[in-house]
Each structure stands twice: as C-alpha cells, then as structure tokens.
Amino acid sequence: MNPGDLAVDCVRSLSPYVPGKPIEELERELGVKNIVKLASNENPFGPSPCAIAAMHAALADAWLYPDGSGHQLKHKLAARLGVAVDQITLGNGSNDVLVLIADAFLQPGLEAVYSQYAFAVYPIVVQAVGAQGVVTPALGAESAMPLGHDLDAMRRAITPQTRVVFVANPNNPTGTWAPADDLRRFVKSVPPHVIVVLDEAYFEYAGGLDIQNGISWLADFPNLVVVRTFSKAWGLAGLRVGYGVSHPSVAAMLNRVRQAFNVSSVALAGAAAALDDEAHVSKAVSIAVAERQRVARELCALGTRTIPTAGNFLLIHAGPGATRHFEALLRAGIIVRPVANYQLPEYLRVTLGTVEQNDRFLSAWRQLLIA
Ligand SMILES: Cc1ncc(COP(=O)(O)O)c(C=O)c1O
C-alpha cells in the first residue's frame, strides 16, 4: 500500500483538473520555438501598465503578510459594482471562491447540480468535500445553444438534498450562455434552500449578447452568489485574484472557511490598480469580441463548425481526428485545448489571441485540412 492510498475515498476517486499545456513544456518536449498559447483563455494583451507598476511597488513590502481583509480592493470593487463591502469575498482566483462555496455549503449527503459540459472545477470541488454531483444533460445539437446548460433539466434535478447549483454564464469550455429572461426565470424558480452560483468569469466579453449582469439580481435573490475573476478580461491569470458577490450572510460563511491570507499582497495591489485602467480592459475585450466573430466566420468558410460563444474562446468541431489535429498544431507551435476530459473528444477549444496569433492558428488549421 502507498501512503497516498490513505486519502479519503472521495479524494482518491477524484479526476484532477487538466490544465492547458505550458509554453515551456512544449519547448522542452518538441524543441519548438515562437509558440502561441491559445489553451487557457488568457488575455493576450496582459495586465494594465497601472497594475504592473502597483505590483512592482508592492514587492518591497512582501515581507509583511497581506491585508487579510482585502480592504482597498474590496472597497474599490464595492464602489464599482454598487454593492456593500460585506457582500464581497476575495479568492485566490475565482476557483478559490468555488472551493469556499463547496467547503461552506456542501457535505456528504448533500447534492450539487451542474450541467454536462459545465466548467471542470465544479465536480472537483463538490467531490472533494464528499458531496454528490448531479449532472444534467446539456441541450442537444438541434438547440439554438448546442451543448449549453438545459436550465429546465437543472431545475428538475433539484431535490430536498440539493444545496448548490452551479451555472456558468457563459460556460467554459462551450462558450454557451443562457438568455437573460430564461436565466431569471430559472433563478426565481430555485427554492430558497439552494445556493445558486452564477459563474461570470467571462462576463466582460458579453459584447452586445444577451448576457445578464447577475450582480443586479442580488437584491431580488438572497440565495444568489455571483463569481467573477481578474484572470480573463483583466489579464491577470497568473496573479490569482477572483471574487464572489453575495448576500452578506453568505459572504460571512465563506469568510469562515477562507484562509486568512488567501490573496497575496502583490495580487491585492495589482488587482486594485487594474480597476483604474478601464480603457485597457475595453480595448482587449473589443478585440476579442471582433475576433470571435471573424475567426468563427473563417472557420465556417473552411467547413469547421463552431459552437456559439460569449467568451474569449471558440469550441470547434474538429471531428474524429481532433487529437491528431491537436498534435499537428503543437508541432506548428500552437497550443490549443483538447476537451476529451469533458467527454467532447471531437472538439478543440481555441482561445482568441491577438489578430496575428489568430491568423497563425487559422493558417495552420487550413494546412491541416488540406494535408
Ligand atoms: C467558467 C470559469 N469559472 C472559473 C474559472 C476560474 O478562473 P480563475 O480561478 O483563474 O479565476 C475559469 C477558468 O478558466 C472558468 O473558465
């Protein structure tokens, strides 16, 4: 017996998260240079110069523990979002907030509902605390939102044992979203013994699509928790800062299980300063929104089907040769994301990069199709 076998059952049977392939790993493995990573829905324009300057300045004080209450960042977020400071929970990435929700609201005997093809972290956080994940079938290929969340099925899956329901809007890896009216009807129909987690990691990329700002519903639905991140539109994925906005009593519970210093001092400073540079984010978002239309159009012209997306990425139907295509793209120095771990073996997820990076992907894809 290995000492690892002593881990609790629910952890031993857990499938770990599969991250995108790092650039250095591809360099090491294939000796490829000039690599483009379109695998983790990062923002290719990076952080605002304001954030970089603030992080540099914060380094000198790195010997001090961070402000565990995140005072400055929470106050800036509260003012920006029009909520009270005690509604905000800061996380080491929004992933951390998802962990805190599971820690605080789930345990063996309780259930959490999420859709097939929903973000891979939901089953992990649910299973890690010994709760039961209940997966509802996604919308079918004939739907206007193929592979998207079936909110009616999710509602029907709620039982007296359900304590949390996870809705990613838009969802990763599909990019699909729920029209605002449908989503409101769903949230309204969820009984009060269930916490509704509305994961808005890609909220900023709405770009005119019918994407609800869940924070404006918090006053109507006290059981709602909206989760957002600095990792995507704000270009700070490596810094690890996200947040939840909820009823103060929910935030108080998340705070009980939160590590006292879960967000570093450099991260707090960088995220707070990033909020001062709206123009930087708007530029990155408008390029991503324009590129998702252009790249989808060009793929369609090549006969490659894509799923409707409201994120900074496209889920493309690569067919039975998806793994072969993924590997050929690697050899061409382009890292995309296979999604076989989502039971979508015929698809690849491609993050929208700069115009030049997307052109490189498109030209490599064209080559693959004629090879
Ligand atoms: C839907 C969704 N939620 C949450 C996250 C977690 O992001 P982070 O922990 O970097 O905030 C991601 C990351 O890809 C995501 O796609």
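This passage walks through a predicted model, starting with its sheet and moving on to the helices around it.

Start with the sheet. Seven strands line up in the order β2-β8-β7-β6-β5-β3-β4, giving an open sheet with mixed pairing. At the edges stand β2 (88-91) and β4, and each has a single partner strand, so one side of each is left without a neighbour in the sheet. From one strand to the next, the twist averages 20°. Zooming in on one pair, β6 and β7 (residues 224-229) run parallel and are joined by four bridges. Within this part of the sheet, Leu198 sits opposite Val226 of β7.

Two helices that pack on the sheet come next. Helix α6 lies across β3, β4, β5 and β6, and runs at about 160° to β5. Helix α8 (residues 180-189) also packs on the sheet, where it touches β5, β6 and β7. The direction of α8 makes about 170° with that of β5.

Back to α6, which spans residues 121-128. Its buried residues are Val121, Tyr122, Ile124, Val125 and Val126.

Helix α5 has another partner, α9 (residues 248-257): the two axes come within 9 Å and cross at roughly 95°. An angle from 65 to 115 degrees counts as roughly perpendicular, and α5 and α9 are therefore roughly perpendicular to each other. On the α5 side, the meeting residues are Leu100, Ile101, Asp103, Ala104 and Phe105, while α9 brings Val250, Met253, Leu254 and Val257. Sorted by class, that contact has eight nonpolar residues, no polar ones and one charged residue.

A further pair of helices is α11 (residues 278-301) and α13 (residues 355-370), which pack at an angle of about 10° with their axes 11 Å apart. Angles under 35 degrees count as roughly parallel, which makes α11 roughly parallel to α13. The crossing of α11 past α13 is right-handed. From α11, Glu291, Arg294, Val295, Glu298 and Leu299 make the contact; from α13, Val355, Asn358, Asp359, Phe361, Leu362, Trp365 and Arg366 do. By class, the contact of α11 with α13 has six nonpolar, one polar and five charged residues.

Notes: Residues numbered from 1 in each chain as written. Predicted model: local features only at pLDDT ≥ 70, side-chain atom pairs only at ≥ 80, totals over all residues. Heavy atoms only, no water. Buried < 20%, exposed > 50% of the residue type's maximum accessible area, 1.4 Å probe, protein only. Axes fitted to C-alpha atoms, helices over the stretch in contact; angles between N-to-C directions. Parallel < 35°, antiparallel > 145°, perpendicular 65-115°, else oblique. Left-handed = near helix turned anticlockwise from the far one by under 90°. Contact = heavy atoms within 4.5 Å. Nonpolar A, V, L, I, M, F, W, Y, C, P; charged D, E, K, R; others polar. Pairing = 2+ DSSP bridges.
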